[in-house]
Amino acid sequence: MPENGTKVAIVTGASRGIGAAIAERMAGDGFTVVINYASRVDEAEALAARIRQNGGQALTVRADISDAAAVGRLFDAAEAAFGGVDVLVNNAGIMRLALLAEVDDALVDSHIAVNLKGVINTLREGSRRLRSGGRIINLSSSVVGLYQPTYAVYAATKAGVEAMTHVLSRELRGRNITVNAVAPGPTATALFLDGKPQEVIDHLSRLAPLGRIGQPRDIAATVSFLAGPDGAWINGQVLRANGGLI
Ligand SMILES: NC(=O)c1ccc[n+]([C@@H]2O[C@H](COP(=O)([O-])OP(=O)(O)OC[C@H]3O[C@@H](n4cnc5c(N)ncnc54)[C@H](OP(=O)(O)O)[C@@H]3O)[C@@H](O)[C@H]2O)c1
């Protein structure tokens, strides 16, 4: 642990959206956060500056999670700066929607590269390097249970993430590390909102009994619970955070 005794958390895909909210929330909870991103350096640096202004500790590290060597360097950078890693939040992900009949190879390859291979890369590195008492939290999606047309490839990658969550929680027996997944419903980020007509967003907002779509802070609060002391006894579970949608 770093000198001040705080725990160190890597949050992948934290330059915007849910990942940025998770990094900010965890910094507020007292974690030292490593803000991983793929391309949006300005957003990542602005988030790190905001965290530091509020008295927290943050480091930004560019790494495409689909590149195993880059993921190794991400962990190296975290260990060099802070002495070790306690929490891995596998948040980075992409989503493009298409009917299976119309799915192109680029859509398939990019989803497998980022949402599956990327998570395999970070889980492999994390399971080798996380310290005792660690937590791994993978972002799945409630669409795994919804079976909506156009979501097949994306939902398949998230089903894979859920499967790996269960398997790794068992593989880490004896290490005192929990592995869980959080599966949000529709959440107000660019990934969900971009390209959707307002009437589709309004329709989806009415589906959950709580009558709205999620905000990034709703998901950050769920991750914070699993990463913090009150989540210690939860292991190998998928927690759907969606206002009751499914
Ligand atoms: N929003 C929803 O409705 C919803 C619902 C269920 C589940 N989720 C899941 O929640 C997670 C976050 O989604 P979001 O809505 O916050 O998405 P977002 O706003 O599009 O943000 C995605 C983040 O992932 C990063 N990223 C993308 N590809 C990457 C790569 N190859 N390597 C490293 N970082 C990469 C992006 O970095 P750069 O910007 O720097 O490229 C960005 O910071 C995803 O796993 C998503 O599947 C979202």
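Reader: Which residue of strand 3 stands opposite Y37?
Author: R62 does. This is a predicted model, where local features need pLDDT of at least 70 and side-chain atom pairs 80 or more, while totals for chains, interfaces and linings use all residues. Residues are numbered from 1 along each chain as its sequence is written.

Reader: What makes strand 2 and strand 3 (residues 58–62) a pair?
Author: Five bridges link them in the parallel sense, and a pair takes at least two DSSP bridges, so these strands qualify. Strands here are DSSP E runs of at least two residues, and helices are H or I runs of at least four, numbered from the N terminus.

Reader: Which way does the chain cross from strand 2 to strand 3?
Author: The path goes through helix 2 (residues 41–53), and this β-α-β crossover is right-handed (clockwise from the first strand over the helix to the second, with the strands pointing away from the viewer).

Reader: What about strand 1 (residues 8–11) and strand 2?
Author: They run parallel, joined by four bridges, with I10 opposite V34. Helix 1 (residues 17–28) carries the chain between them, again as a right-handed β-α-β crossover.

Reader: Why is strand 2 (residues 32–37) called mostly covered?
Author: Six of its six residues are buried, that is, each has 20 or more other C-beta atoms, placed from the backbone, within 10 Å of its own. T32, V34 and N36 lie on one side, and V33, I35 and Y37 on the other.

Reader: How much of the whole protein counts as buried?
Author: For the 246 residues, the share is 44%.

Methods. A residue is buried if 20 or more other C-beta atoms lie within 10 Å of its own, exposed if 12 or fewer, and partly exposed in between; C-beta atoms are placed from the backbone.
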